[in-house]
Amino acid sequence: MFAYVFRGKLEEQGLSWVWQLIPGRCTVCGGKLEKPVKVGNVGFAQHPECFFGYWKEQGRVPVIEVLRVFKGSPLKTANMECLMSKYSLNLTDGCPHCCVYCYARAMPSSPPHGAFFTRKSILARVRGFVEHSRVVKPVYMSPVSDPLATKKLAETTVSLAEFFVSQGIPFYLVTKGEVPIRLLKVVEGFPFFALQVSLNTLDRDVSRFLEPNAPPPEVRVRNLVRAKDYGVFTILREDPHMPFLTDHPKQIEELTQTALDIDVNHIIGSFMGLRVASPSHKEYLYLWFKVNGRGELVEKYERLFARGKTISGYRVADESYRFQRLKMIRDLILKAKGKTTYGLCMEGLPSLWIGDKCEGFHFPPVKRRDGRFVPIEGCTGKCRVCRTPCTPRQVKLFTG
């Protein structure tokens, strides 16, 4: 992975702040970049030919880290209904894993492919936010990036975990990265932590094709095994399944059965959606297919998604197609007769659920008492049905 620190002034005219942070030379060949570098609506931090050439030669996508001065609130409430009960915390804009289906790359603040922005001083900003709060909602790390994607990010995440545990603040994370033993030791015995591991196939080749820079499946399976050893509430996210690539019945059976053998606490199923407001999301996916000799998938996806519908701003595949495969996961769980529950993410298929929680748990918000935070009495964390949600305007209701 290349690293780059932006030190100059933002003087480039006619470019958004995102492009102003991208270096003016290709990190692969060293040649000059005439920014913005785009193929259609898809942006790149290197020459496109260098980007794809590096992938074909190295089996990884070239990615640079750029340090970004971050002045916004570190803990925010996302605008999606299912995320309103918690704070979202992202350590980066963009992600070094470079998953080809990543919807976050289509967001306005996300850097072009081949780069990610690390938010400077995020730990200090989180500390400051908490120190000035009387009520803190559970913290979700992190919805549009991976807090364990690099060793440096993992160090920051462990430090954040130490802080949250010391304060009694519920938190959880979703990752494809390798979970440090140190993190598991920090959260051991802490009742308000959960680990979600994202994995959609056990096939190493398919995994590398879809998630070029992410650890292989066996590393992520090991994450779950180790977390169980430390008493952590564990969730496997079969998410997102990719039509014709990860959702063959044999693939689904192998992955789900592996999770059941580990005795994970919960499984989440979902399929990839195409972000409607951002053409670049679909364009990059299709470009990746074509560059890698899988152009036949483009026509298949077009037909499959044309028969689908839009859910929360994402175009999803034909419902009968998704139902059949997500039902396979549910049936395997029921057959195992264990305690594993099952939820879906943005699928709109409530009949398939086992239990009533999409992520398998609800953490309550906490209020300050005697220098530490404690759960708010009688609060289940189900903010969609709460008439007094813990918004900044209402924290005075919970003064303890």
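Buried residues make up 54% of the 400 residues in the protein chain. The model described here is predicted. The chain is organised into 11 helices and 19 strands. Its radius of gyration is 21 Å, close to the 21 Å given by the globule rule for 400 residues, so the chain is as compact as a globular protein of that length. Taken along the principal axes, the C-alpha atoms fill a box of roughly 60 × 55 × 40 Å. Among contacts with a separation of 6 or more, 68% are made by residues 24 or more positions apart.

In soluble globular proteins, nonpolar side chains tend to be buried together. In this model the largest nonpolar core contains 105 residues, of which Leu89, Phe164, Phe171, Trp288, Phe289 and Tyr301 touch the most other members. Helix H4 (residues 151-167) supplies the largest share of this core, namely 8 residues. Apart from it lies another core, of 9 residues, including Leu83, Val174, Ala194 and Phe361.

Two of the residues named for the largest core, Trp288 and Phe289, are also among the buried residues of helix H9. Beyond its neighbours within four places in sequence, Trp288 is in contact with Phe51, Phe52, Trp55, Val61, Val100, Phe209 and Pro212.

The length of H9 can be checked against its residue count. At 1.5 Å a residue, the 13 residues of H9 (residues 279-291) should span 18 Å, and the end C-alpha atoms are 18 Å apart, which agrees. H9 is followed by Gly293, whose phi is positive, near 70 degrees.

## Salt bridges and cysteines

The structure holds 22 salt bridges. Three of them are set out below.

| Pair | Closest N to O distance |
|---|---|
| Glu359 and Lys86 | 2.9 Å |
| Arg303 and Glu299 | 3.0 Å |

The salt bridge between Glu359 and Lys86 links distant parts of the chain, with the two residues 273 residues apart. Glu359 lies in the loop between strand E17 (341-344) and strand E18 (366-369), whereas Lys86 lies in the loop between strand E4 (64-68) and strand E5 (87-89). Is this pair buried or exposed? Glu359 has a relative accessible area of 8% and is therefore buried, the cut-off being under 20%. Lys86, with a relative accessible area of 8%, is likewise buried. Arg220 and Glu211 are both buried as well.

The pair in helix H10 has another setting. Arg303 and Glu299 are 4 residues apart in H10, so about one helical turn separates them. An α-helix has 3.6 residues a turn, so residues three or four places apart point the same way. Arg303 is partly exposed, with a relative accessible area of 44%, and Glu299 counts as exposed at 54% relative accessibility. Elsewhere, Arg68, Asp93 and Arg119 are linked in a network of salt bridges.

The structure holds 0 disulfides. Cys102 is in no disulfide, and the nearest cysteine sulfur, that of Cys99, is 6.5 Å away. Cys345 is partly exposed, with a relative accessible area of 26%.

## Backbone features

Most residues other than glycine have a negative phi, and most peptide bonds are trans. Several sites in this model depart from that pattern. A cis peptide bond joins Met141 and Ser142, with omega about -15 degrees; Ser142 lies in the loop between strand E9 (139-141) and H4. The peptide bond from Asp239 to Pro240 is also cis, with omega near -5 degrees, and Pro240 lies in strand E12 (residues 233-241).

Lys337, a residue other than glycine, has a positive phi near 55 degrees. Lys337 is located in the loop between helix H11 (319-336) and E17 and is exposed, with a relative accessible area of 75%. Met346 also has a positive phi, of about 55 degrees. Met346 is found in the loop between E17 and E18 and counts as partly exposed at 27% relative accessibility.

How values were computed: Residues numbered from 1 in each chain as written. Predicted model: local features only at pLDDT ≥ 70, side-chain atom pairs only at ≥ 80, totals over all residues. Heavy atoms only, no water. Expected span 1.5 Å × (residues − 1). Buried < 20%, exposed > 50% of the residue type's maximum accessible area, 1.4 Å probe, protein only. Core = buried A, V, L, I, M, F, W, Y, C linked by side-chain atoms within 4.5 Å. Contact = heavy atoms within 4.5 Å. Salt bridge = Lys/Arg side-chain N within 4 Å of Asp/Glu carboxyl O. Disulfide = S-S within 2.5 Å. Rg over C-alpha atoms; globule rule 2.2 N^0.38 Å.
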